[in-house]
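Hello,

Here is the structure I promised to pass on. My notes follow below it.

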Amino acid sequence: MSIPAGFSSWSELLKEPAEEIGLNVSKEQDLVNLAQYYSNRKHRTAIDDLIRSNFSGLIDPTKNHELLAKLPISTFWTTNYDKLIEKALEAQMKPPFVKTKDAHLRETNRNFDAIVYKLHGDVDTPDEAVITRSDYEEFGYKKRKLFREVLEGDLLTKTFLFLGFSFSDPNFNYVIGRLRVLLDEHQTRSHYCIMKRVSDTEEDADYKIAKQELQVEDLNRYGIFTCFVDDYKEITEILETLVDKYRRRTIFISGSAYNYNKFSEEEGREFIHRLAFGLVENGYSIVNGFGKGVGEFVINGVADYCLTHREIKMQDVVKLMPFPQTSSSGIDLKKLYTENRKQMIEMCGIAIFIFGNKEKQGVANGVIEEYELAKSLGLVCLPIKYTGGAASVIYEKISSPHLTDEVDSAVSQSNQEVDGEVLLSIENILKAINLLNKEEK
């Protein structure tokens with residue numbers, strides 16, 4: 001996972017150290033022993049310098065790290081020393097709580113969105129990193145005894161997705177073996193890994209294919225099921241699909257209304273209220289910028305649902321990011337508005353555009369800007385034409401030949417207005433969103 005960012009593989013890391021002690025890394029199968037030999041000959045400080053010099057660079061996270069950070073993952077386990085996953089989480093405004101040794105398990109921190117357990121240590125403390133045979137022997141006994149227990153607990157209670165993991169780590173294999181013996185293989189939790197399929201064009205392909213098949217069968221004993229890819233690039237495609245599916249559970253409602261076009265004021269307010277109510281009722285979350293004539297009725301709709309469903313908390317299903325109306329301390333409101341819009345839209349996978357008019361202009365340019373941002377960020381855009389204003393303009397901007405069949409059907413379904421029947425019109429919008437999420441409701 002970290003090699004595409006520019007970090008070394010294990011064999012590359014130990015190539016020069018091997019040469020220094022008269023060995024050839026390409027002839028060594030056990031790299032843990034090789035690290036131990038180097039440590040024996042050059043002392044531990046040489047290993048520490050090796051880790052520090054190879055993993056402390058100011059390197060940006062890869063696309064895969066960025067995608068993982070966008071998913072609702074609260075726990076990460078890594079054997080890497082680098083800081084790529086922490087950087088990716090921070091870039092998504094998700095403060096990580098990093099734990100690298102047993103002492104960190106006793107610490108408390110309420111201001112975090114994800115815990116990152118670094119099973120083999122961190123580049124900042126290379127003297128505590130697990131890399132040599134001695135380090136592995138001491139793991140779980142002298143070093144990181146509590147870490148191993150936390151890992152066992154997570155394997156019992158959480159579903160793991162293994163990425164870039166070879167399952168050759170003796171510490172991890174000890175843990176899953178112990179759980180299998182204690183629980184027996186029929187009671188272990190299901191986990192998943194993504195593995196690159198051996199190509200039949202590789203040297204000794206038949207042997208490698210047979211060995212890989214045996215490894216997959218063996219992983220099944222531990223409840224770990226394998227998804228094959230032909231190229232590591234497919235991991236990015238899989239993660240992009242997961243992010244897209246997750247983001248589609250959060251709906252951005254864009255709109256402002258000084259008037260409600262063909263609707264009466266009462267009907268317009270009812271339309272917005274019922275739309276917000278229906279979205280939350282169907283299990284979606286809402287993001288809104290509290291536009292005039294829209295935001296307050298979005299809140300009313302969400303509150304209406306939450307009042308009768310006490311298990312749903314308003315703060316969990318709606319996020320408001322209102323726009324300041326007056327500048328202070330020389331703040332650039334235009335720049336702030338654009339950044340505010342970007343932050344809102346990045347959280348979502350579907351954007352609904354309703355009304356969008358201003359007191360002195362027929363069309364609210366801010367709603368048009370939100371559409372352009374949503375389109376550039378890959379959201380599915382559903383402008384409700386019959387609400388008029390910017391929504392109508394956006395509808396005309398969307399060209400059917402350039403839409404996928406799925407999105408074209410959703411746009412069509414969401415724009416099926418039932419004259420005089422607000423609830424039925426809202427029902428068609430909800431059907432479109434459920435279709436995009438492959439849900440029949």
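At what angle do α12 and α19 pack, and how far apart are their axes? The angle is about 35°, and the axes are 10 Å apart. Axes are lines fitted to C-alpha atoms, for helices over the stretch in contact, and angles run from 0 to 180 degrees between N-to-C directions. Helices (H or I, at least four residues) and strands (E, at least two) are DSSP runs, numbered from the N terminus.

First, some ground rules. This is a predicted model, where local features need pLDDT of at least 70, side-chain atom pairs count only at pLDDT 80 or more, and totals for chains, interfaces and linings use all residues. Residues are numbered from 1 along each chain as its sequence is written, and side-chain values use heavy atoms, leaving out hydrogens and water.

Now the core. A nonpolar core is a set of buried (under 20% relative accessible area, 1.4 Å probe, protein chains only) Ala, Val, Leu, Ile, Met, Phe, Trp, Tyr and Cys residues joined through side-chain atoms within 4.5 Å. The largest has 41 residues. Phe 271, Leu 279 and Ile 354 touch the most other members. α12, α13 and α19 are among the elements that give it two or more residues. A second, separate core has 24 residues, including Tyr 136 and Phe 160.

Best wishes

Terms used. Buried means under 20% relative accessible area, exposed over 50%, partly exposed in between (1.4 Å probe, protein chains only).
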